[in-house]
Amino acid sequence: MHLLSIENITKSYGEKILFRDVSFGVEEGDKIGIIGVNGTGKSTFLKVIAGVEQPDSGNISVAGGAVIRMLSQDPVFAPGETALQHVLGGDSRELKAVQAYSAALEALELNPGSEELQRSLIAANARMDELDAWGLENEAKTALSKLGISGHHDLVETMSGGQRKRVAMAAALLLPSDVLILDEPTNHIDNESVAWLEGMLQKRRGALLMITHDRYFLDRVSNRVIELDRGEAHFYQANYSRFLELKLEREEREAASEAKRQNLLRNELAWIRRGAKARTTKQKARIDRFEALKEAGPKGANGKLELSVASSRLGRKIVEAEAVCKSMGDRQLIRDFSYIAVPEDRVGIVGRNGMGKSTLLKLLAGRLQPDSGTVELGLTVRLGWFSQEREEMDESQRVIEYIREGAEQVKTADGTTISAGQMLERFLFSPAMQWTPIGKLSGGEKRRLQLLRVLMDAPNVLMLDEPTNDLDISTLTVLEDYLDDFPGVVFVVSHDRYFLDRTVDKIIAFEGNGMIDLYTGNYSEYQEQAVKRSLPDSGEGRSAGSSAQPSKAVASSGTASSGVAKASGDGGTPDGGGRSRGKERALKMSYKDQKDFESIDGWIQDAEEELAAVARRMEESASDSSALQELAGEQSRLEEKLESLMERWTELNMLAEEIEAQRKG
């Protein structure tokens with residue numbers, strides 16, 4: 001029996017159809033993930049199912065007595081309400097009994113001599129026994145603590161937006177419901193809280209509908225997937241990984257059908273062009289068939305979001321932090337932290353909420369000054385800052401005005417130059433959407449726009465603060481691919497385990513009390529060391545290549561780590577670059593190395609300019625095949641030359657970095 005029956009629901013936003021004629025049922029035990037590109041109407045879809053919004057057409061039937069609860073992106077709280085009061089503020093019999101008992105107890109404490117209040121407390125106590133409600137308050141406190149809310153009696157109105165969201169989630173999990181609806185439940189909670197929530201929802205008996213970008217979470221919790229795509233809903237009886245397989249099979253079938261349609265269309269077009277006259281029934285039917293084939297073409301595609309933006313070249317100094325300390329009030333967030341970034345660093349920053357992850361990112365970016373210690377950025381560093389607050393955006397601006405503030409033209413990774421409007425189209429903002437005020441975009445669309453603005457500045461060091469919040473899975477997948485080829489350095493604060501596994505090879509972990517450790521490996525490898533991290537560390541047997549091993553020097557001794565977890569042995573221990581230090585003779589450049597190091601940037605610039613000139617001549621000679629052939633050979637020769645120069649540039653800069661590190665050591 002269906003707890004919910006959704007029949008032919010349709011919803012539009014202005015002229016845009018979000019979803020059309022969607023029908024399905026929800027049964028007990030269903031755990032349904034809703035996915036789709038930002039702006040396809042996922043949140044509206046959940047609101048319609050929850051009864052918060054009405055569909056344009058169609059019906060939603062709820063089984064008799066079934067309770068539906070929804071955790072929205074913007075929960076509402078009563079004035080003066082504490083976190084615990086909100087969680088215990090439901091309307092079930094058990095929660096009402098807890099509320100009555102708490103009220104009776106507080107009243108008696110104020111007037112202990114009142115016999116009437118004593119009788120009320122005895123009655124409330126009996127009601128608690130009758131409903132076996134004594135464990136509810138403990139469950140509420142546990143849920144709040146697991147979600148990172150330690151101040152159970154703090155006023156909700158004094159909390160941050162992320163904290164309020166977590167209080168609301170604790171209430172949604174505790175209050176009884178047959179169908180629980182969650183919109184991005186993993187936003188604003190740390191990795192430990194995500195793992196706890198994952199386990200809670202796996203064990204939950206009722207039905208669940210949720211929107212989430214967390215692919216591990218989706219894969220482990222869901223058993224059904226609904227994909228919203230260009231107004232249609234596609235249904236899969238599968239978790240996320242199986243959904244990917246089934247979607248690929250569906251798209252292959254659709255591609256085969258489209259190829260057949262194209263062949264039929266070509267045949268019909270040839271017949272039409274031969275001058276057929278629509279005078280007989282047979283000829284009229286043939287023309288009608290041609291028109292029907294044209295109409296049956298594929299719908300306007302969502303488009304393939306493209307991240308193809310040039311980046312600026314980095315010099316030998318990138319980001320160097322030495323003995324950095326930072327406190328907030330009487331809390332020390334960061335104690336004696338040192339790190340030296342190396343080319344193509346991919347560093348994830350993890351830890352529980354409130355430990356100082358975003359603070360560390362701001363220190364490394366130079367947006368915040370340390371209490372002691374130093375942070376130095378190289379002269380060639382061009383920072384790209386992608387924050388979770390969207391603080392730089394003026395929501396009254398139109399989309400294209402916001403992008404044009406950054407640049408009217410942008411150079412892509414392949415060397416071509418396109419306009420701001422063209423780049424917006426690559427980012428799935430149609431010409432009509434480009435003149436929309438930013439305030440009318442969905443949360444995910446705003447994040448996608450902000451990401452484009454950051455990348456259009458051609459950064460070579462990216463600082464990403466919770467980049468996965470509000471971005472859809474498709475955008476995250478393309479961002480991950482972009483980071484694969486990004487030649488610069490990336491620091492990322494994230495609670496998204498999949499994203500960290502996919503993009504980073506080092507983890508900076510906040511361990512508490514201001515202590516920070518560095519581990520080589522991705523997030524899963526780091527997590528596997530949880531038991532080892534709790535054991536005493538002698539520092540023996542640790543090498544730079546070991547997987548997910550901590551570098552105690554980063555947190556405690558203040559020794560700068562050149563992007564790797566260095567061994568803490570004697571002066572002859574190999575460092576991350578494979579050279580021995582201390583007892584070996586000092587590294588230095590040869591005469592040729594020094595001359596090349598001084599000239600290499602100019603050589604690269606000359607080669608790039610020659611290559612650009614050849615590209616322009618190829619455009620001018622588009623109709624001259626012999627000239628094009630000659631120019632193509634010249635282009636290939638120059639590309640090989642440039643590649644060789646870039647390899648030499650990297651080799652020399654890494655050598656200079658090691659010499660500088662040895663000098664400081």
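**Notebook: salt bridges**

I searched the whole structure and found 28 salt bridges (a side-chain nitrogen of Lys or Arg within 4 Å of a carboxyl oxygen of Asp or Glu). A reminder to myself: this is a predicted model, where local features need pLDDT of at least 70 and side-chain atom pairs count only at pLDDT 80 or more, while totals for chains, interfaces and linings use all residues. Residues are numbered from 1 along each chain as its sequence is written, and side-chain values use heavy atoms, leaving out hydrogens and water.

**Entry: lysine 326**

I looked up lysine 326 and found a salt bridge with aspartate 371, with 3.4 Å between the closest N and O atoms. The pair links distant parts of the chain, 45 residues apart: lysine 326 sits in strand β10 (residues 319-328), aspartate 371 in the loop between α11 (357-365) and β13 (372-377). Helices (H or I, at least four residues) and strands (E, at least two) are DSSP runs, numbered from the N terminus. Lysine 326 is buried at 11% relative accessible area, and aspartate 371 is partly exposed at 48% (buried is under 20%, exposed over 50%, partly exposed in between; 1.4 Å probe, protein chains only).

**Entry: helix α20**

Next I checked lysine 592, which pairs with aspartate 596 at 2.8 Å between the closest N and O atoms. Both lie in helix α20 (residues 591-620), four residues apart, about one turn of the helix. Lysine 592 is exposed at 52%, whereas aspartate 596 is buried at 9%.

I then found glutamate 610 bridged to lysine 641, closest N and O atoms 3.8 Å apart. Glutamate 610 is in α20 and lysine 641 in helix α21 (residues 625-664), so this pair ties together parts 31 residues apart in sequence.
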